[in-house]
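Trainee: Could you walk me through how to read a structure like this one?
Mentor: Gladly, let's look at it together.

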Amino acid sequence: MAMPLEVPVAKAILYALLPILIACYFLLRKGKTYVNLPPMVEKGYSNWTGHVRFILAKGDEFGLPWIPNMKKLADSCSNGVMAVYSFGPKWLTRPTYLVKDPVLISSMLTSSKVKRFSNLMEASKATSGDKHITALTGDELKRHRKLLTACILAKRPMARFVELLTAGVCKYLDTLPTPTVGRPLDLNLAKSKAVGILVVEAFSNFSFGINISCHSEDPVDVERCKKLHSALQFMFKVTGERLVAGPLNFFLKRDIWTNYKLWKLGTFIRREFILPALHQRKEDMSSGVQVPDDAMTMMLESGDTDDAPFSEEEICDEGMVMVQAGYEATAYTFLWLVYHLGQHPEHQELCFKEIREVLSKHPPGSHLTSSDIEELTHLHCVISESMRMQSINDSAAARDTDVDLELGPYTIPAGSTILAVGKCNSLSEESFENADQFKPERWKNDPTGGAKRPGAVNIPFGLGQYRCFGQPLALVALRTLAAVWIQRYRFELLSEDIERTYHATCSPGNLPIRMFPRCVS
Ligand code: HEM
């Protein structure tokens with residue numbers, strides 16, 4: 001009679017065999033054969049180390065180790081699509097492909113086969129809950145997009161947003177000392193974080209319905225404002241880290257301590273700020289008190305015959321996303337705008353002239369309204385050109401695919417991540433004439449900016465069904481910030497030497513300017 005194996009012996013055999021079994025699995029598994037797989041960026045690619053090693057080794061040349069400068073990387077390859085990295089098995093990371101050909105970018109982003117970038121969904125769920133536009137799919141996503149469009153992109157909330165932002169910039173500019181002979185007004189806009197703070201205040205006021213300011217006279221208010229700001233900063237930092245494609249993400253999203261901190265900060269923002277404001281607003285609305293036309297009021301009034309109104313949880317989650325998605329992108333884009341206007345004082349003057357003309361229709365001392373902002377056509381061109389020259393994202397858009405995706409002559413295998421490298425095209429001579437020169441005129445009466453070739457040559461807000469939801473709000477914010485600033489100050493760049501800082505997005509790490517108050521006649 002055969003003796004049964006002792007359990008410890010069986011275990012020992014199994015453990016000894018395990019590495020062999022795993023090795024056999026990887027050696028013998030038959031992958032699908034792809035006829036036209038995009039080429040790797042450099043020879044010597046291995047499925048195990050991939051181009052993570054390549055990017056790390058060339059960290060200095062291509063940017064920070066974990067956020068490679070994709071434009072340089074893409075420029076170094078002549079193909080329209082290239083593979084960048086795949087680091088071992090799929091449970092660890094998705095193989096990643098860069099697409100740089102504008103026609104292929106356009107067909108990738110508008111394809112119904114691609115899905116939202118899973119890193120974005122997971123990162124935004126960890127910070128903002130799962131009942132919001134960046135976490136949802138299918139019919140629920142359609143419902144949220146439709147209701148939110150009416151809640152924040154309509155005339156009334158936009159006008160309220162312009163009001164809030166104007167008040168914020170004026171309040172900040174009022175705190176600046178008056179320059180005197182020998183004591184010029186010098187600021188380092190990137191280091192001072194002032195723009196970030198005033199934008200986050202305007203967004204929080206608009207989305208959470210709270211009125212707090214770091215420039216308040218009340219120290220309790222200032223303390224609360226600082227706490228909110230640092231909580232949002234932490235969330236933004238974590239989102240940025242988790243957006244990066246690659247194997248590190250596998251470990252980052254399982255970081256228990258950070259996840260706990262995110263949950264605590266999210267709960268803090270909801271309990272301390274959003275929910276009290278929401279309950280107060282509900283009470284005011286039911287007792288007939290006049291309430292502002294901000295996102296919170298509009299979300300409470302949302303819903304129509306086809307779609308149920310937003311629940312409290314949805315209002316909280318959407319508010320969190322709006323602030324997070326909006327404030328840093330808007331603040332950094334504004335800093336780049338200041339940089340370009342500092343380099344081109346002639347355009348500052350043209351913008352000032354048009355602002356004065358628009359304001360001359362109102363009684364002296366009036367602020368610009370949202371319909372005035374629409375009339376600032378030269379400023380619009382300047383903003384478009386600034387965003388073409390320096391988009392805050394190397395990769396304008398990222399998507400995942402769960403099915404094989406045909407892109408021109410290439411096949412992107414199912415289970416991959418695809419990044420569109422927008423900067424390659426917006427700064428290329430093949431796309432724009434004198435592409436390296438700042439020429440706002442190219443946008444005059446031409447929404448393509450005189451693009452020389454078809455496809456997605458300039459997509460600072462992405463493209464397709466997952467494009468930036470807040471684009472109209474972002475443009476209004478940039479126009480308002482710039483208009484109030486230019487109306488009150490002329491500014492010069494004190495140094496052209498601007499190092500770039502990469503977090504989730506690219507911002508100037510250093511932006512020293514000298515401000516000269518304008519004589520308002
Ligand atoms: C100048 C400022 C901004 C820039 C440059 C910017 C840029 C972008 C880009 C490139 C994307 C990815 C698009 C894609 O994958 O196709 C995006 C997504 C998004 N943006 Fe913005 N954005 C800005 C401001 C805002 C604002 C103010 C809001 C808030 C209302 C916002 C909300 C969103 C949301 C919700 C998404 C995710 C959309 C989705 O996945 O369905 N953005 N943004």
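Trainee: What average pLDDT does the protein chain have?

Mentor: pLDDT is the predictor's confidence in each residue, from 0 to 100. Here the protein chain averages 86, and 87% of the residues score at least 70. Residues 41-68 stay under 50, and the model has 60 contacts (heavy atoms within 4.5 Å) for them beyond four places in sequence. Where pLDDT is low, the predicted coordinates should not be read in detail.

Trainee: How many helices and strands are there in the protein chain?

Mentor: Helices (H or I, at least four residues) and strands (E, at least two) are DSSP runs, numbered from the N terminus. The protein chain has 20 helices and 12 strands. Of its 521 residues, 52% are buried; buried means under 20% relative accessible area, exposed over 50%, and partly exposed in between, with a 1.4 Å probe and protein chains only. Among contacts between residues at least 6 apart in sequence, 71% join residues at least 24 apart. Thr369 and Ala159 are 210 residues apart along the chain, with their C-alpha atoms separated by 7.0 Å.

Trainee: Which residue is the protein donor of the iron atom of the ligand?

Mentor: Donors are N, O and S atoms within 2.8 Å of the metal (3.2 Å for Na, K and Ca); water is not among the atoms, so sites may look incomplete. In this model, the only protein donor is Cys468, through SG at 2.3 Å. Cys468 sits in the loop between α19 (422-426) and α20 (471-488).

Trainee: How many salt bridges does the structure hold?

Mentor: Side chains of opposite charge can pair when their charged atoms come close. A salt bridge is a side-chain nitrogen of Lys or Arg within 4 Å of a carboxyl oxygen of Asp or Glu. The structure holds 27 of them. One of them joins Lys146 and Asp304, whose closest N and O atoms are 3.3 Å apart. Lys146 belongs to helix α7 (residues 138-152) and Asp304 to the loop between α14 (295-300) and α15 (312-343), so this pair ties together parts 158 residues apart in sequence.

Trainee: Are Arg270 and Asp317 buried or exposed?

Mentor: Both are buried. They form a salt bridge, with the closest N and O atoms 2.5 Å apart. Arg270 is in helix α13 (residues 256-286) and Asp317 in helix α15, 47 residues apart.

Trainee: Which residues make the nonpolar surface patch?

Mentor: Patches are made of residues with over 30% relative accessible area and no salt bridge; like charges are joined within 9 Å, and nonpolar side chains (Val, Leu, Ile, Met, Phe, Trp, Tyr) within 5 Å. Accessible areas come from the Shrake-Rupley method with a 1.4 Å probe; for residues, only the protein chains shown count as cover. This patch, about 740 Å², is made by Val9, Ile13, Tyr15, Leu17, Leu18, Ile20, Leu21 and Ile22. Val9 lies in helix α1 (residues 7-28) and is partly exposed, with a relative accessible area of 38%.

How values were computed: Residues are numbered from 1 along each chain as its sequence is written. This is a predicted model: local features need pLDDT of at least 70, side-chain atom pairs count only at pLDDT 80 or more; totals for chains, interfaces and linings use all residues. Side-chain values use heavy atoms; hydrogens and water are left out.
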